[in-house]
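Open the model in your viewer and keep the selection panel handy. We will go from stop to stop, and at each one I will say what to select and what is there.

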Amino acid sequence: MHIQGWTIDAFGALTDVERSGVGEGLTVIFGPNEAGKSTLRHFVLGVLFGFPAGNTRYPRYSPPTGAMRSGRLYLESNGEDFVLSRAEKKGSRTGDLTLLGPDGKARGDAELTALLGGLTRNVYDKIFAIGLDELNDLVALTDGDLQDHLLSAG
């Protein structure tokens, strides 16, 4: 599976942000402080695994307008396009989740699990989304510790 793009309706300071045409392979997001890099990283994490509640270690990224967090990821897997949408919903821990298949029909949780190939929030955090905190953690490791850390993450 690969992320081809996204639409952010409302998430943190990001509103009505759209991106398409993200290529396969490694994608690096860079920009000045406060440009939205971490917000984008947490948006992808939230759409894939659920927007965090206030009682987790993850920041909430509540929109300053008071809007509910919501958006979509455009995915490709084995030559087929999918749209994964999540919208925050009061009283729901993970929000409303919808996975649309290539035919435009809603798919179930089992298909999302298959698309993710067993990927969990924890593995995503450790391997696919490296932020400043993770880089600082790596700097503090010795060569042997770094090798152990990378092997355990994989």
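## Stop 1: the cavity

The largest cavity has a volume of about 30 Å³. A cavity here is a set of points, on a 1 Å grid over the protein atoms alone, where a 1.4 Å probe fits but cannot get out; grid points are joined across faces, edges and corners, and the volume is the space filled by probe spheres set on the points. The structure holds 1 cavity of 30 Å³ or more.

This is a predicted model, in which local features need pLDDT of at least 70 and side-chain atom pairs count only at pLDDT 80 or more, while totals for chains, interfaces and linings use all residues. Residues are numbered from 1 along each chain as its sequence is written, and side-chain values use heavy atoms, with hydrogens and water left out.

Select Phe11, His42, Leu45, Pro52, Tyr58, Pro59, Tyr61 and Arg121 to see the lining of the largest cavity; lining residues have an atom within 4 Å of a point. The lining divides into 6 nonpolar, 1 polar and 1 charged residue.

## Stop 2

Rings of Phe, Tyr and Trp (its six-membered ring) pair if their centres lie within 6.5 Å; planes under 30 degrees apart count as stacked, over 60 as edge-to-face and the rest as tilted. The count comes to 3 aromatic pairs.

How are the rings of Phe11 and Phe43 arranged? Their centres are 5.6 Å apart and their planes stand at 70°, so this pair is edge-to-face. The pair links distant parts of the chain, with Phe11 in strand 1 (residues 2-11) and Phe43 in helix 1 (residues 37-49), 32 residues apart. Helices (H or I, at least four residues) and strands (E, at least two) are DSSP runs, numbered from the N terminus.

Phe11 is buried, with a relative accessible area of 0%, and Phe43 is buried at 0% as well. Buried means under 20% relative accessible area, exposed over 50%, and partly exposed in between (1.4 Å probe, protein chains only).

Now look from Phe11 to Phe51: the ring centres are 5.6 Å apart and the planes are at 35°, so the pair is tilted. Phe51 sits in the loop between helix 1 and strand 3 (70-77), 40 residues from Phe11. Phe51 is buried too.

## Stop 3: the nonpolar core

Select Phe43, Leu48 and Leu73, which touch the most other members among the 25 residues of the largest nonpolar core. Such a core is a set of buried Ala, Val, Leu, Ile, Met, Phe, Trp, Tyr and Cys residues joined through side-chain atoms within 4.5 Å. Strand 1, helix 1, strand 3, strand 4 and helix 2 (109-116) each give two or more residues to this core. Helix 1 supplies the largest share, 7 residues.

## Stop 4: the sheet

Switch to cartoon view. There are 5 helices and 6 strands in the protein, and along the sequence they follow the pattern β-β-α-β-β-β-β-α-α-α-α. The 6 strands form an open sheet in the order 2-1-3-4-5-6, with antiparallel pairing. Two strands pair if DSSP finds at least two bridges between them. Strand 2 (14-19) and strand 6 stand at the edges with a single partner strand each, so one side of each has no neighbour in the sheet.

Next, visit these pairings:

- Strand 1 and strand 3 are antiparallel over 7 bridges; select Ala10 and its bridge partner Ser70 in strand 3.
- Strand 4 (residues 80-87) and strand 5 (residues 96-100) are antiparallel, joined by 5 bridges; select Ser85, opposite Thr98 in strand 5.
- Strand 5 and strand 6 (residues 106-107) are antiparallel, joined by 2 bridges; select Leu100, opposite Ala106 in strand 6.

Strand 5 and strand 6 also form a hairpin with 5 residues between them, and Gly104 in the turn has a positive phi of about 85°.

Finish at Asp16 in strand 2. Is Asp16 buried or exposed? Asp16 is exposed, with a relative accessible area of 66%, and it has a positive phi of about 55° although it is not a glycine.

Conventions:
1 Å grid on protein atoms, 1.4 Å probe; cavity = no way out; pocket = protein on both sides within 12 Å on 5 of 7 lines; lining within 4 Å. Nonpolar A, V, L, I, M, F, W, Y, C, P; charged D, E, K, R; others polar.
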